[in-house]
Amino acid sequence: MAYSMKNIEIFDGQRAQTYDSTINVWFDQYETLINLLKSVINTKLAEPNKPYRILVLGSGTGNELLQLATAFPQSEFVGVDPSAQMNEIAKEKTKGLNNVQIVEGTIDNLEGKFDAITSILVTQFFETSTKKQIIRSIYEKLNRGGFLIHADAFGNSNQVDTNFEIYNSFLRFKHDFEGLKQGLDQVKNSLNYIEESRMEFLFKEAGFSSVTKFFQWLIFAAWLIEK
Ligand SMILES: C[S@@+](CC[C@H](N)C(=O)[O-])C[C@H]1O[C@@H](n2cnc3c(N)ncnc32)[C@H](O)[C@@H]1O
């Protein structure tokens, strides 16, 4: 087969335990993006105070779940993530909320459909063929009129070269720790950057009707995609 079959990125051990502190280093505007999610959802739900069913795909340490389940107490939130260790942290973080359920697994392990889905920084690890499979599964799991909020590593090769150089410079101005260079190399070489037009094509091919980019910080971007 011409493509990689990797469809789970392993987050365990140190990578899970240090996620909350390191994500803000490698993605300086992470909090801004997570904070924006509730506003995007608020503008798209017909009646935000009514109960909806919302999926957080790759819910990690629970940062989206905490923000969203607090902002929309009438709605039911399901987080799904294959990492037991990330899930443990997420459960602890959201233990005061009665509208959050966390499932260990992938989207294919879930029952029922959803009114909205978020997939933030999950498919950036995967080749385009795997991104495509996940986008298809997301489409299948959305109710009619539902929407997806998706964040990925993006850019064509010129954009990635230019934006990564700025990213590199930004991190070197702001941080100085052992492992910085190695981390920068990893961000450059291990993420699967996707060209914007290709990303849009994958969504349209899956059946989505509209794709709007609402956020970009250098090599990371987020889109609102409507079914
Ligand atoms: C970079 S973290 C992002 C976590 C969270 N969405 C956030 O923005 O903080 C990626 C997460 O995706 C999870 N993951 C890896 N492969 C996955 C898959 N196939 N489906 C769902 N989640 C996956 C990892 O376990 C990890 O928790």
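Helix H9 is followed by Gly-207, whose phi is positive, near 120 degrees. Helices here (H or I, at least four residues) and strands (E, at least two) are DSSP runs, numbered from the N terminus. The model is a predicted one: local features need pLDDT of at least 70, side-chain atom pairs count only at pLDDT 80 or more, and totals for chains, interfaces and linings use all residues. Residue numbers start from 1 along each chain as its sequence is written.

Let us stay with H9 for a moment. Within this helix (residues 196-206), Met-199, Leu-202 and Phe-203 are buried. They sit on the same side of H9, because they cover an arc of only 95 degrees around the axis. That arc is taken over the directions from the helix axis to the C-beta atoms. "Buried" stands for 20 or more other C-beta atoms within 10 Å of a residue's own, "exposed" for 12 or fewer, and "partly exposed" for anything in between, with C-beta atoms placed from the backbone. On the other side of H9, Ser-197 and Glu-205 are exposed. The buried residues of the helix pack against H6, E5, E6 and E7, where a contact requires C-beta atoms, placed from the backbone, within 7 Å.

Helix H5 (residues 84-93) can be read in a similar way. Its buried residues include Met-86, Asn-87 and Ala-90. These three are on the same side of H5, because their arc around the axis is only 100 degrees. The face turned away from that buried side carries the exposed residues Ala-84 and Glu-92. As for partners, the buried residues of H5 pack against helices H1 (13-17), H2 (19-26) and H4 (63-71), and also against strands E2 (76-81) and E3 (100-104).

Now to the strands, which pair if DSSP finds at least two bridges between them. Strand E1 (residues 53-57) pairs with E2 in the parallel sense over five bridges, and with E4 in the parallel sense over four bridges. E4 in turn pairs with E5, again parallel, over six bridges.

E2 has five of its six residues buried, so it is largely enclosed by the rest of the structure. Glu-76 in E2 counts as partly exposed, because it has 17 C-beta neighbours inside 10 Å. Leaving out residues up to four places away in sequence, Glu-76 touches Pro-51, Arg-53 and Asn-99. Pro-73 is 25 residues from Asn-98 in sequence, and their C-alpha atoms are 8.6 Å apart in space.

Leu-121 has a positive phi of about 60 degrees although it is not a glycine, and its place is the loop between strand E4 (114-120) and helix H6 (128-141). Leu-121 is buried, because 23 other C-beta atoms lie within 10 Å. Leu-218 also has a positive phi, near 55 degrees, and is likewise a residue other than glycine. You will find Leu-218 in the loop between strands E6 (210-217) and E7 (220-226), where it counts as buried because it has 21 C-beta neighbours inside 10 Å.

The largest nonpolar core has 52 residues, and those with the most contacts inside it are Leu-55, Leu-65, Leu-68, Phe-77 and Ile-117. Its largest share, six residues, comes from strand E5 (residues 142-153). Such a core is a set of buried Ala, Val, Leu, Ile, Met, Phe, Trp, Tyr and Cys residues joined through C-beta atoms within 7 Å. Leu-55 touches Val-78, Val-80, Phe-114, Ile-117 and Lys-141, not counting residues up to four places away in sequence.

Finally, the ligand. Of the 18 residues around it, Phe-11, Gly-58, Gly-60, Ser-83 and Ile-120 come nearest; a residue is near a molecule if its C-beta atom, placed from the backbone, lies within 6 Å of it. The shell divides into nine nonpolar, six polar and three charged residues. In that division Ala, Val, Leu, Ile, Met, Phe, Trp, Tyr, Cys and Pro count as nonpolar, Asp, Glu, Lys and Arg as charged, and the others, Gly among them, as polar.

Notes
Contact = placed C-beta atoms within 7 Å.
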